[in-house]
Structure formats: structure tokens, C-alpha cells
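User: I want to go through the terms used for this model, one by one. Please set each value against its definition.

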Amino acid sequence: MVYFTFTSLSSKLRVSIRLCLIVIFSVLGACRSETPSPTLVVIPLTPLSSTPSSTQVETPAASISATPIASAANKSIVIGAVGAPAREVTALPRFIADALYDSLLQVDPNTGALKPGLADSWQVSEDARSFSFHLRANLLWHDGQPLTARDAVFTIKALSDPKLRLASAVDFGSLSDVTAPDAQTVLVKLSETYCAALTNLGMLKILPAHILTNQNLAALKPEHFIGSGPLVLKEWNSNQLTFTRNPNYWNGAPAITDWSYNILANETEARSALSAGKIDLLASDARRRDDLPAATDLKIYQRTLNQFYALAFNYERDFLAEARVRQAFAAALDRPQLANQVYGGESQLLQQSFLKEFWATPPNVAQPAYDPAEARELLQEAGWRDSDHDGVLEKNGKPLRVLLFAQVEDAT
């Protein structure tokens, strides 16, 4: 037996993977003219998970809608969401973050390749330690102020500050320096090469320096949410967020003029609102298909959610530095059974933190098969034995006790 003690992660250490309600604003002009059917977008709502390097990984099957349905009468759409969003700048729901803010680069959803965003070009040095991003001309914040390289420098410095107590934005790697040689150029330097640096820096939501300097990024007021994205925040109250399209958006203003993000107390209320036609779009748990409203005009889109859940080991902590101990824990975990119990078939097992189709997925990587006998043998080889026959393994008089960190949402 091994002792397991649970505690929650601090907000700085956790890396939250949030639900993806992805709205592709650039294609909204394709919305049809006839009155639409309400749409249920099915994605797993719980559990959320942290994502450090892992030995056990699973990816839930989920769904998202790429093209919301708009009302022809007033060019508006109402999106339903369960639970009030936090006003922490790095913990916004994906829809709100994508609506308000933009990033230096974008990811092509079909190929995974990087493409221009706020930056229309970029360069990487030969030693992969320097990155130059060149901003588009005439970029504007929602309040009409120019968006410049100064804003990108502010964002990267602010969100990489180790004293900042926020949900992590991205892994910056070994960040050395961030400067703006001119108003259109951002120069980022690393002290060591880091594979994910370009993607992580490129996908970071750029924040307005003139609004957020000296503000508490963990508890902003509605008037602080000034962005450069396709939607402009009009109002944020306890029941609803309302947006209007950004006519100055660099990638073209969305066809839909008015957007509402309705905050609902729970899944039951959300599904009732969908059934009653009070909302047009809802993200929900794929495992609750049987609870869907009995509406003949309901359209369901199911997609795989871009997230995974993992058990990560701290190699520098006590006995976990011993490879055989980590291997034993991996062999003792019945991943297929765990995935089935938690998701009931709505998941797929991964052998690493990449999907099989991704270009950087290493070949021939396999997690250990479930083998309790092998796990016991590995622990014995590492010197862990139940010498006093109390059911708990010991070594040098110390019990094998593991401290597990998890987000509060997962601790249940």
C-alpha cells in the first residue's frame, strides 16, 4: 500500500485546460438567412486538469461548434454557459478570451501550422534562442488606441513574472529578455533553446499596457477588458455578458452584430433554456446525451476536445528521483479501466501528450502496460518493502507516502 495525500495547486503552479467553445469569427459571414435551430455543443465539463509533462495521459472525446447559428432578424446570437466566469485575465473562458483578445500568431486548425495573427511575419534565429515578431500596421485597441510592440512586451513581462499569482498563461521556457526595438517589432530572447517557445509566445493573448499597467490582473473590472479582438465588451453583469462586433478588426468584422453570453446556474437550467429557445448555443457534457431536450430542431455537433489529463512526477522530490519508483507507479495504473470509469468510453488513450497525427509526435512511444506484479517487483528492487507487515511499504524507516496536487475542481 502507498499513502496518497491530496492538496490543491496554487494558482501560479497550476496550468488549467479550459473548455473550448471555439467560435471562428472569420467565417461568420456564412451564417444562413433562415431562422436557425438551437444548437447543443457537446463537450466534457469536468474534470478540468493541469498539464505538466506526463506518464499517464487520456484525451476526452468532446465536441465544439466552429460556426454558431445567428438569428436573421437582428443579426444576434445568444450563447449559454454554466457558471460565472472569473475576472482573472488568464482564466477567462475560451470564448471570452478569443472574442476580446488576439495573439501574435494563429494556428491553422487543419494542419497545426503557425500562421500570421497580430504579427504578419516572424523570424527565429539559427540557435533558436531569439524570436522576432513584426506587427501589422494600424492595429487598434477597442478604445481606439494603437496596439504596438510595447503592449506585447508588457504582456510577456507581466505574465512571466514569478511573483504573479495567476493561472499560468503559457510556459515561457528560459525567458531572458523581451524588448521592442521599434513600435512594430517584438524581440524575445531565451537563455536556452525550448521547443515550444515559438508556439507558446505566438499564441499568448496580447493585453493593453495602457489599460492594465498597475492593475490587479486577478480581479479586473469590466471596464478593464479592452482588447483588440473581433468583439467589443459592452456590459458584464452577474447574469450576462454582451458584446458587439469590432468594426476595426484587422481580420474583418464578424457578420453577427450583437452577441450575448448568458450565465446559467447549472446544467439543468442550461438545457431548459435551450429547449425553451432562450439560447442558441450551449456547450455541454458528451456523456449526458440522454438528457438532451426532446426538440426535433436541435442540432448536435460533436468534436474531440483539445486537452488531456495526466499524472506528472516531480523528479527532484525525494524517492521520485528513482526511475524504478516512477516506473512502478506507471505499471500500477490501469489506464483503460480508469478512462472507462471516468468517461464511459468518451475518451481515447494517448501514449504521450501529442495526438498521433501531430507532426512532432515521437514514433514508437508506449506507456507501460497495467502490471501490478511488475510494479511490486520494481518497488522491491528500489528497496521498498513492508518490513513491519502493516500493509505500507517502507524504506530506511520511512513509509512510501505520495503527495498528489490537483485543482480544486478535480479533488472530488
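What follows is a set of questions and answers on this structure.

Analyst: This is a predicted model, in which local features need pLDDT of at least 70 and side-chain atom pairs count only at pLDDT 80 or more, while totals for chains, interfaces and linings use all residues. Residues are numbered from 1 along each chain as its sequence is written, and side-chain values use heavy atoms, with hydrogens and water left out.

User: Why is Ala369 called exposed?

Analyst: Exposed means over 50% relative accessible area, buried under 20%, and partly exposed in between, with a 1.4 Å probe and protein chains only. Ala369 has a relative accessible area of 59%, so Ala369 is exposed. Ala369 sits in the loop between β17 (347–350) and α8 (372–381). Its C-alpha atom is separated by 8.6 Å from that of Ala332, 37 residues apart along the chain.

User: What makes up the secondary structure of the protein chain?

Analyst: Helices (H or I, at least four residues) and strands (E, at least two) are DSSP runs, numbered from the N terminus. By that rule the protein chain has 8 helices and 20 strands. Of its 412 residues, 44% count as buried.

User: What makes helix α2 mostly covered?

Analyst: The count of buried residues does: 9 of the 11 residues in α2 (149–159) are buried. Among them are Val153, Phe154, Ile156 and Leu159. Asp151 and Thr155 are buried too.

User: Which elements do the buried residues of α2 pack against?

Analyst: A contact means heavy atoms within 4.5 Å. The partners are β8 (130–135), β9 (175–182), β10 (185–190), α3 (197–203) and α4 (209–212). By the contact rule, 67% of the contacts in the protein chain between residues at least 6 apart in sequence join residues at least 24 apart.

User: How do you know that β9 and β10 pair?

Analyst: Two strands pair if DSSP finds at least two bridges between them. Here 5 bridges join β9 to β10, and the strands run antiparallel. Val178 stands opposite Val188 in β10.

User: What is the strand order of the open sheet, and which strands are its edges?

Analyst: The order of the 4 strands is β7-β8-β10-β9, with antiparallel pairing. β7 (119–124) and β9 are the edge strands, since each pairs on one side only. On average, neighbouring strands of this sheet are turned by 15 degrees against each other, direction ignored. α2 packs on the sheet and touches β8, β9 and β10; its direction makes about 165 degrees with that of β9. Axes are lines fitted to C-alpha atoms, for helices over the stretch in contact, and angles run from 0 to 180 degrees between N-to-C directions.

User: How many bridges join β12 to β11 and to β13?

Analyst: β11 (231–236) and β12 (240–245) run antiparallel, joined by 5 bridges. They form a hairpin with 3 residues between them. Leu231 stands opposite Arg245 in β12. Another 5 bridges join β12 to β13 (258–264), also antiparallel. There, Thr242 stands opposite Ser260 in β13.

User: How many cavities of 30 Å³ or more are there?

Analyst: The count is 1. A cavity is a set of points, on a 1 Å grid over the protein atoms alone, where a 1.4 Å probe fits but cannot get out; lining residues have an atom within 4 Å of a point. The largest cavity holds about 50 Å³ of space. A volume is the space filled by probe spheres set on the points, with grid points joined across faces, edges and corners.

User: Which residues line the largest cavity?

Analyst: The lining includes Leu118, Leu140, Ser228, Asn246 and Trp250. The lining residues divide into 6 nonpolar, 4 polar and no charged. Ala, Val, Leu, Ile, Met, Phe, Trp, Tyr, Cys and Pro count as nonpolar, Asp, Glu, Lys and Arg as charged, and the others, Gly among them, as polar.

How values were computed
1 Å grid on protein atoms, 1.4 Å probe; cavity = no way out; pocket = protein on both sides within 12 Å on 5 of 7 lines; lining within 4 Å.
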